[in-house]
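Me: Please bring up the model so that we can go through its helices and ring contacts.

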Amino acid sequence: MQSELLREDWKEQLATLFHRASERVLISSPFVSRSGVDFLMDHLSSSVQDHGSVQVLANLSPQNIVQGATEPESLQRLNGAVSETIIHHLPGLHAKVYVADTREAIVTSGNLTAGGLEKNYEYGVVTNDEEAIAVIRDDLEEYAGLGAQVGGDELKSYIDAAREVRTTFREQQQSQEETA
C-alpha cells in the first residue's frame, strides 16, 4: 500500500496507526475531546505509552474551549498517561493529520473528537510513502514551531478558566430561564 482512500470508517485505520506506532505519534487536530483522547489511549501501543512520545498540535482558543470543541482536561489526561507528551497551541490550525513514527500518515477531515470519529462523514488518505511522510512530519514540526508549547501548569490554567466560564454561563442561563 502506498496510499488508500479513507471514508467514514476511517477510525479503524486510525486505530491501526496508533497501535503500530513504536516510538512517536504526531497529531494535528484543532479540536481534541475526551472521547478522542480515550480512543487514542485505547489504541496507542504500549511502546509509545511507556517509552515514546505523543506530540499534539491543537487550537486552545478560549472560544473552542468554552464551546467544548477542545477540552484541555483531555490533553491533561494524555499528558499524564504517556511518558512524553508535547502539546502546542496554534491559533488558526485547521489541519487534521496523524503520523506514526516515519511509517504511516493519515491526512483527513476528521478531528480527534466524537464527531470526527463517530458522527461526521469524514474523508481522507492514509499513506506509507516514506518521502511523503517525511514532508508531512517536517511541515507539522514547522507548524508546531509557530505555536506555543503548553505545559502542565498552563493546561491547569486553561482548565480552571474553562470551568469558571462554563459555570457562569450555566448560572446565567438558569437565571434567564427562571425569569422567562
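Reply: The expected span of a helix is 1.5 Å times one less than its number of residues. Helices (H or I, at least four residues) and strands (E, at least two) are DSSP runs, numbered from the N terminus. This is a predicted model: local features need pLDDT of at least 70, side-chain atom pairs count only at pLDDT 80 or more, and totals for chains, interfaces and linings use all residues. Residues are numbered from 1 along each chain as its sequence is written, and side-chain values use heavy atoms, without hydrogens and water.

Me: How many residues has helix α8, and what does it reach from first C-alpha to last?
Reply: Helix α8 (residues 152-179) has 28 residues and reaches 41 Å, close to the expected 40 Å.

Me: Which residues of α8 are buried?
Reply: Leu155, Ile159, Ala162 and Arg166 are buried (under 20% relative accessible area; exposed is over 50%, partly exposed in between; 1.4 Å probe, protein chains only).

Me: Are Phe18 and Phe39 buried or exposed?
Reply: Both are buried. Phe18 also pairs edge-to-face with Tyr98, at 6.3 Å and 75 degrees. Phe18 lies in helix α1 and Tyr98 in strand β5 (residues 96-100), so this pair ties together parts 80 residues apart in sequence.

Notes:
Rings of Phe, Tyr and Trp (its six-membered ring) pair if their centres lie within 6.5 Å; planes under 30 degrees apart count as stacked, over 60 as edge-to-face and the rest as tilted.
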